[in-house]
Amino acid sequence: MQGCNRSQKIAICTVGLPARGKTYISRKLNRYFNWLGYKSRVFINGNYRREICGTECNSQFFDPHNETAQKARSDCAKMALQDLIQFLKNGGDVGILDGTNITRERRLQIESDLKQSFNGIQTLWIESICNDSKVIQNNIRLTKINNPDYCNVNSDEATIDFLNRIKMYEQIYETITDDENLSYIKTINVGADIIVHQVYGFLLSKIVSFIMNLHTYPRPIYLSRHGESQYNVDDRVGGDSDLSELGEMYADKLADFFFKEFPTKETKNEIIFFTSTMRRAIHTSDVVASKLDIQPLQLKTLDEINVGICDGMTYTEIAQKFPSDFQERKINKLGYRYPRGESYLDLISRIEPVIFEIERSRQPVMIIAHQAILRCLYAYFHQNEIPEVPTLDIPLHCVIKLTPAAYFCDEKRVLINPQTGEISIKEEYVQEFVRSKSKQKSFIDL
Amino acid sequence: MQQYKKTQYKLILVLVGLPARGKTHISYKLNRYLNWIGYKSEIFSIKGAQQNNDGFDQKIDYELEIDPANQQFVEVRQQLSQIAAQQLVQFLQNDGDIALYNGLTSTKADRQKLKSLFKETLKLEYQTFWVESICDDPQVILNNFNESKLSRFQDKTIESFTNHINVLAKDYQSLENIENLSYIKLINIGKLVKVHMLEGYLCSKIVSFLLNLHANNRQIYLVRSCQTEYHLLDKIGGDPELSATGRQHSQQLGDYFIEELKGNKNITFFSSQMKRGIQTAEIVGEKLGIKALKTKNLDEIDYGICDGLTVKEIAAKYPKQIKERKANPLEFKYPRGESFLDVIHRVEPIIYEIERSREPVLIIAHVAVLKCLYAYYHCNQISEIPNIDIPINCVIKLVPIPYHCLESRVIIK
């Protein structure tokens, strides 16, 4: 919701054994806050430790009886916290401390340090508990083996060492108890059980809902614009025009594409299908819906950006009639609000419930909507910086398939020629993306 | 019916908890919320079954008067509980979407029996979600008792009531994971919340809603923005500024709230992002020394192609739309604009904010939007919304209390 109170600082700290999804949760939350317009950053204890103590630390380093190692690790953790506090002091809104924090003593120290640095800071502790060995093994496989800690070790040795590391932590693990008087959320076995203790406040309540809906099912999300509309042909904005001839052809080819993607009746019935309440989207969706024998849900929330008084005009006409507005939009496309209309920031706020819905779904999601709307949705999953949103490339006659992987999203773009039905595919895989990101040296996670 | 999402299955919400734990309060609030967002929802309780059936002694409160030793009482109670469950099944088999059940659910055996009854008799796809309210904070229990029970049962004192509950508590079994039920436990009005096996769109929404509930009886003030020149010209919609009279009235509004709020600066203060809303809120806010949070969610209904026209012009230009609106004022959507149902959906986050707030809430918005907000607190059916009266220069003060909402209106001269 727009206009909510931003004067309060928020610090979120994770708790839990290794391979319990703490980093996953931290990054997801960080993503969510940044997308909503808050200045948010993750501070990872592990990164500080790697930078200062080196990356070739085997499990003995994590032995609680290893005093020199303990001191080094404790110092690294303190640095991470200090950087978080500094970030909040320099205009940050939300600081996320991604660490194990498994002892009462450590938690109470952090809580006290945070409360002393800021008047009225809200702190939230998120403990991730998992005793399902399959989930843990999967987590280790997906994220730890490619971790810099094990770059010179083969994957079997890495797994054994990592399991030993976990055993070290288990020796001193103390789950959060109510008498620590902390605001906390415990998520157990990826949300099968959730415990919420003393969590009050606008943003904190949102976090609870968000976390309750998180899961790790790798379901695909399909985004497509409606087929070419009459207004697209005339280069006009706004309006509620219908599809052009080319647009109708696209709708057919799109239906064919989806028919091939979901071959069986079971897979078809599973699809969560959203569209907007505008004619061009409804007509495109109807063609797909009838071919797959499924029903789309028409959400006004997915209607195209409201261009207010410029509705129905071409860009040339707007430049002539409202030159100062035209200029303003060029300079600040993100924040510029059409008179009696909306801005991209308004859009982001408007489609937030849809983001929740998509996050929550464990089944394939199909969305047929409009350019500005899809720019906002795409940016959330693809983790683009917010200022990029208004210029993201979301062309007509193209299906974007996003498959969320551990920390990022795989992407596949299917460009469909509406006349011939010819398909050309462009794919971007997570692995390349992760490798390029991990080459960058950084303590912090943007 | 244009709902945000129609579910393919029915939902049964079963309430669990000892008396004076807020079960009835929670069921009323949930029922009100679900009806407001467009579902057909109803409560089925022992009390309800008793009231609808002349065969039972209407003077005895079977929900409260439980004496485990009195076999006849126990039997009547079981009977009523069963009748309520049967009526619930009937309701869902017809066109009901969501049913709330407030009957015998205090033991594992009771719950398994209920589960079986639904399984055997409900011939549709359905989901059950269990909502348990637990209190072990004596202050909270005392408050609950004072608020509701005393009025329901005049000659019970807190002592006799507490003894009564202690007797019942001996046989009470809290929900356990082993029962394999999907549930939420609210402990001491949301201080601690436990959720188990949460699944589905509707249940997620309900959990988010329940997380925000509390027992503070704080005031909610609904006020329209003051007069603009559009009022004088009989035009609807638009984004006009306040007229000189409008600014004057805003000043008087500010004075009224100075007295009413008695220096409390911690209030939750919202306004729309329309010029008249912002200006009214700025003038009032300056008097109170607080700033309103401006949100587009409170903007007036979008009149689409009718925006900026006078009532006469609309009647002349769009007679077909006028007819359509008369026939179905709730669902009528202005072409290229919104319907009341769209406004309800748009304003839902504000309801969450109001519910969450434990301090007084002041909202400055516009006619259609305020009708929707008002309906959440006061109407049993959203079809009443188009007929709600929200006059200008009038402060509507709502104070939600258990099972009701007190209302008073003050015209600012």
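Let's start with a pair of side chains in chain A: Glu111(A) and Lys115(A) meet in a salt bridge, with 2.9 Å from N to O. Where do these two residues lie? Both are in helix H4 of chain A, which covers residues 104–117. They are 4 residues apart, so about one turn of the helix. As a reminder, side chains of opposite charge can pair when their charged atoms come close. And how many salt bridges does the structure hold over all chains? The count is 31.

Now, keep in mind that this is a predicted model, so let me go through the confidence values. For the complex, the predictor gives an ipTM of 0.90 and a pTM of 0.91. Chain A has a mean pLDDT of 89, with 93% of its residues at 70 or more. There is a stretch to watch in that chain, though: over residues 438–446 of chain A, the pLDDT is below 50. Beyond near neighbours in sequence, that stretch still has 18 contacts in the model. Where pLDDT is low, the predicted coordinates should not be read in detail. As for chain B, the average pLDDT is 90, and 94% of the residues score at least 70.

Okay, on to helix packing, staying in chain A for now. Take helix H2, residues 45–53, and helix H3, residues 67–89: their axes come within 9 Å and cross at roughly 125°. Because of that angle, H2(A) counts as oblique to H3(A). The crossing is right-handed. Which residues make the contact? From H2(A) we have Asn45(A), Tyr48(A), Arg49(A), Ile52(A) and Cys53(A). On the H3(A) side, the residues include Ala72(A), Arg73(A), Cys76(A) and Asp83(A). By class, this contact divides into 8 nonpolar, 1 polar and 3 charged residues.

Next pair, still chain A: helix H9, residues 245–261, and helix H11, residues 279–292. These pack at about 40°, with axes 8 Å apart, and the crossing is right-handed. Split by class, the contact of H9(A) with H11(A) has 8 nonpolar, 1 polar and 3 charged residues.

Last stop, chain B. Here helix H1, residues 23–36, packs with helix H14, residues 367–378, at an angle of about 145° and with the axes 9 Å apart. Is the crossing of H1(B) and H14(B) left-handed or right-handed? Right-handed. Lys29(B), Arg32(B), Tyr33(B) and Trp36(B) come from H1(B), and they meet Cys372(B), Ala375(B), Tyr376(B), Tyr377(B) and His378(B) in H14(B). If you sort the residues of that contact, you get 6 nonpolar, 1 polar and 2 charged.

Methods
Residues numbered from 1 in each chain as written. Chains lettered and ligands numbered in written order. Predicted model: local features only at pLDDT ≥ 70, side-chain atom pairs only at ≥ 80, totals over all residues. Heavy atoms only, no water. pLDDT = per-residue confidence, 0-100. Axes fitted to C-alpha atoms, helices over the stretch in contact; angles between N-to-C directions. Parallel < 35°, antiparallel > 145°, perpendicular 65-115°, else oblique. Left-handed = near helix turned anticlockwise from the far one by under 90°. Contact = heavy atoms within 4.5 Å. Nonpolar A, V, L, I, M, F, W, Y, C, P; charged D, E, K, R; others polar. Salt bridge = Lys/Arg side-chain N within 4 Å of Asp/Glu carboxyl O.
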